[in-house]
Amino acid sequence: MPTRQSLLARLGLRHPVVLAPMAGEPATPGLVAAVSSAGGLGSLGAAYLTPERIGEACAAIRAGTNGTFAVNLFAPPPEPLPAADPAMLQAYRDTLCNLHEQAGLADPPPAETPEPPCFYDQLEAALAGGAPVMSFTFGLPDASVMERLKAAGVFTIATATTVAEARAAEAAGFDAVTAQGFEAGGHRGGFTGPRAEGDLVGTLALVPQVVDAVDIPVIAAGGIGDGRGVAAALVLGAEAAALGTAFLRAAECPLNEASKAALEKAADDATTLTSAFSGRQARGLRNAVTETYAEADAAGRIPPYPVPNGLTKPLRTHAARMGNASWNSVWSGQAASLARAEPAAAIVERVAAEAARLLGRG
Ligand SMILES: Cc1cc2nc3c(=O)[nH]c(=O)nc-3n(C[C@H](O)[C@H](O)[C@H](O)COP(=O)(O)O)c2cc1C
C-alpha cells in the first residue's frame, strides 16, 4: 500500500504546530501570519467576520507571510436551528438585565440580535482570498461545499470530539481531522448524537482512538500548552498539535488586557463549560456570568445559539472596555497557566524545539 504524504509535507510546514482557529478578538492577520512565517499553520477564526473582512484578512495574511494558512468557519447546521422558547428567552434576558446593572452598563440588552454572517458568502470570500486550507467546526459542511472546496484545490480539516465524528469527517472527504479533547478552550466542536456538545472525551483518550479509526492525518487539540503536550500528541499518533490558549497571551494577539491578565492568573481548575454567553457549550474562565447562569445552564434553560451570543455582546464589549474580565467570555483551555507572553514565532519555536528534544529528534 502506498504510504501517504505526511501532513507537514502536504502543507509545507516546518513544525507540527497549528495556531488553533479562534474567532473573536484573536482572529487577526498579524497573529496568523506570524505563526505561518514561523513554520506552523496559522489559522484565522473567521466565523464572526463579514465576507468583506474575510477578504481583507486573507489579503493581509498573504501580504504578511508566504507560509500556509487556514481559514476556519462554523459549519451551518443541517436543519434550521430551533427558535428559542419565549419563557426561557425572557428569563435569560431578565438575568442579563441584572448583570448589566451589576456591571454598571446603563443600556439594557438589545431587543434583537443581528443575523450572523452567511456561511456560503464567508466561504466564497475565503476562496476568493486564496485560503489554501479551510477548517470547520460545529459540523461538516454539505457535499456541495466539499465539491466546491475540492474543485478549488483547498485542503480541508474537520473538527471531531468523538471517534464517530472523525469517521464521519473522513467519509465526507476531509483531508485531515482535528481531534478536540474536552480540555480545549472555546466552543465544543461536537455535532453528532443527542448530547452533541456534551461528549467530553479527553485529549489523551481521544487522539489515539481517532488515529486508529481513520486513515487521514489527525491534529490533536485541547489542553496542549507547551512542547511536552506537543510531544505527547505526536506519540499518540497525531501529526500535529493545535494550540489555542497557548497563543492568547502572544504579543500579536489583540485580546483585551483584562482577559490576558485573568489568563495569566488562571489555575488548572479555573475553567468551566458554559453555554451562558453564546447558547453553545464552550470552555472559559469561571466568572460572574458563568456562575449566575450555572443553574439555568445545568437545567438546559439557556436559549440555543446564536441568540445569547448576540444578546451578551454589549456586556462583553463593556467588560473589555472597563478592564473587568468578570463580565466577559474569557475562553480558555485547562492549561492556561502554561501560556507565555511572547511573540508568536517564539512560542512556535519554543514548543517545537522542546517537543523535538523530548522525542530525541532535536
Ligand atoms: C478564544 C478561543 C476561540 C475559539 N474559537 C474557535 C473557532 O472559531 N473555531 C474553532 O474551530 N475552534 C475555536 N476554538 C477552539 C480551538 O480551535 C481549539 O480547539 C482549542 O483552543 C484547543 O484547546 P486549548 O485552548 O487548550 O489549546 C476557540 C478557542 C479559544 C480559546
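Start by selecting Asp-226: skipping its neighbours within four places in sequence, Asp-226 is in contact (heavy atoms within 4.5 Å) with Leu-338, Arg-350, Val-351 and Glu-354. You're looking at a predicted model, where local features need pLDDT of at least 70, side-chain atom pairs count only at pLDDT 80 or more, and totals for chains, interfaces and linings use all residues. Residues are numbered from 1 along each chain as its sequence is written, and side-chain values use heavy atoms, with hydrogens and water left out.

Stay on Asp-226 for a moment. Asp-226 sits in the loop between strand 8 (218-221) and helix 9 (227-235). Is Asp-226 buried or exposed? At 7% relative accessibility, Asp-226 is buried (under 20% relative accessible area, 1.4 Å probe, protein chains only).

Next, the rings. Rings of Phe, Tyr and Trp (its six-membered ring) pair if their centres lie within 6.5 Å, and planes under 30 degrees apart count as stacked. By this rule there are nine aromatic pairs. Select Tyr-92 and Tyr-293, a stacked pair with 4.6 Å centre to centre and 20° between the planes. Tyr-92 is in helix 4 (residues 86-102) and Tyr-293 in the loop between helix 11 (288-292) and helix 12 (294-298), so this pair ties together parts 201 residues apart in sequence. Tyr-92 is buried, at 2% relative accessible area, and Tyr-293 is buried at 2% relative accessibility.

Now select Tyr-48, Phe-74, Phe-138 and Tyr-305, which ring pairs link into a cluster.

How values were computed. Phe/Tyr/Trp six-rings, centres within 6.5 Å; stacked < 30°, edge-to-face > 60°. Helix = DSSP H or I, 4+ residues; strand = E, 2+ residues; numbered from the N terminus. Buried < 20%, exposed > 50% of the residue type's maximum accessible area, 1.4 Å probe, protein only.
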